[in-house]
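The report that follows describes a protein model together with its ligand. Please read it alongside the sequence and the coordinates.

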Amino acid sequence: MSQHNQQMLMNWPERVWIYSPLRILFQKREMRKFLGIGVPQDRRIALEIGCGLGRGAGLIYRSMGFSHVIALDLETILVRRSNHRLKPELRANINFLVSDAQFLPFLNQSFDAVFNFGIIHHVLDWRLCLREIDRVMRPQGIFYFEEIYPPLYANWLFRRMLRHPTEDRFYEPEFLGELSNLGFHVMEGTKTGSKYGIIGAAIKR
Ligand SMILES: C[S@@+](CC[C@H](N)C(=O)[O-])C[C@H]1O[C@@H](n2cnc3c(N)ncnc32)[C@H](O)[C@@H]1O
């Protein structure tokens, strides 16, 4: 793997958090928030970028009623574990694959929704990632996001503990500005105004 990609991978303290049972409780809460904002009219197929251990994909499938969920991560070991943990009865409906969220291996307008549970702040070229999300999204598709900003992940403590890209990072104005440039409309119920992060959704016009 190139050095370029290595910079984006989690180190062990972050892995402890992602593997912990607390993480799934937080993800369930985030999913309830997404459900409260709204669901796409068509729910044929959803994409999750940076799926980690794959718990989000199961949540997306069960709670939003998509017929199919594709979930990807840059790390082969995480995708292997996600596949291993997947219940046999869900294998026809959920697929995990190794891929980079900056270069999505899908045709234009393939998905009714894309989910980002806290991965875009890991991505070196986050604008490219958002452009890719836009490219693969169908009109009226919904981008669900939960993201954090440098005051949370790059403060005195976490800067020493965790590994994240340091250049060209985004805060709310850059993140929402880029989505707006791409033609997304931020949906009512999105929790804005925090200096630490954002949770919400944007619909593609
Ligand atoms: C903070 S973890 C979040 C994992 C999971 N979404 C969750 O909420 O538990 C970030 C994940 O993004 C993945 N990741 C980082 N950069 C990526 C990229 N460019 N493409 C795909 N996945 C990436 C990491 O391997 C890691 O699994």
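## Ligand shell

In what follows, Ala, Val, Leu, Ile, Met, Phe, Trp, Tyr, Cys and Pro count as nonpolar, Asp, Glu, Lys and Arg as charged, and the others, Gly among them, as polar. On that basis, the shell around the ligand is made up of 13 nonpolar, seven polar and five charged residues. The model is a predicted one, in which local features need pLDDT of at least 70 and side-chain atom pairs count only at pLDDT 80 or more, while totals for chains, interfaces and linings use all residues. Residues are numbered from 1 along each chain as its sequence is written.

A residue is taken as near a molecule or strand if its C-beta atom, placed from the backbone, lies within 6 Å of it. Around the ligand there are 25 residues, of which G50, G52, A101, F117 and I119 come nearest. Helices (H or I, at least four residues) and strands (E, at least two) are DSSP runs, numbered from the N terminus; among these elements, α2 (12-19), α3 (21-37) and β2 (68-73) each supply at least two residues of the shell.

## Nonpolar core

A nonpolar core is a set of buried Ala, Val, Leu, Ile, Met, Phe, Trp, Tyr and Cys residues joined through C-beta atoms within 7 Å, and a residue is buried if 20 or more other C-beta atoms lie within 10 Å of its own, exposed if 12 or fewer, and partly exposed in between, with C-beta atoms placed from the backbone. The largest such core has 44 residues, and those with the most contacts inside it are A46, I60, V69, A71, V114, F143 and Y144. In soluble globular proteins, nonpolar side chains tend to be buried together.

Two residues are in contact if their C-beta atoms, placed from the backbone, lie within 7 Å. Residues up to four places away in sequence being left out, F143 touches V114, I133, M137, F184, A201 and A202. F115, in strand β4, counts as buried because 30 other C-beta atoms lie within 10 Å, and, with neighbours within four places in sequence again set aside, F115 is in contact with A46, E48, G56, I60 and Y144.

## Helices α3 and α4

Helix α4 (residues 55-64) packs against α3 at an angle of about 35°, with the axes 10 Å apart; here axes are lines fitted to C-alpha atoms, for helices over the stretch in contact, and angles run from 0 to 180 degrees between N-to-C directions. The contact brings I24, Q27, K28, M31 and L35 of α3 to R55, G56, L59, S63 and M64 of α4, and its residues divide into five nonpolar, three polar and two charged.

Within α4, the buried residues are G56, A57, G58, L59, I60 and M64, and their cover includes α3, β1 (45-49), β2, β3 and β4. Just after α4, G65 takes a positive phi of about 75°.

## Loops and an exposed helix position

Positive phi values also occur in residues other than glycine, with phi near 50° for Q109 and near 50° for D168. Q109 sits in the loop between β3 (94-98) and β4 (111-117) and counts as partly exposed because it has 14 C-beta neighbours inside 10 Å. D168 lies in the loop between α8 (156-161) and α9 (172-181) and is exposed, since 10 other C-beta atoms are within 10 Å.

S180 belongs to helix α9 and is exposed, with 12 other C-beta atoms within 10 Å.
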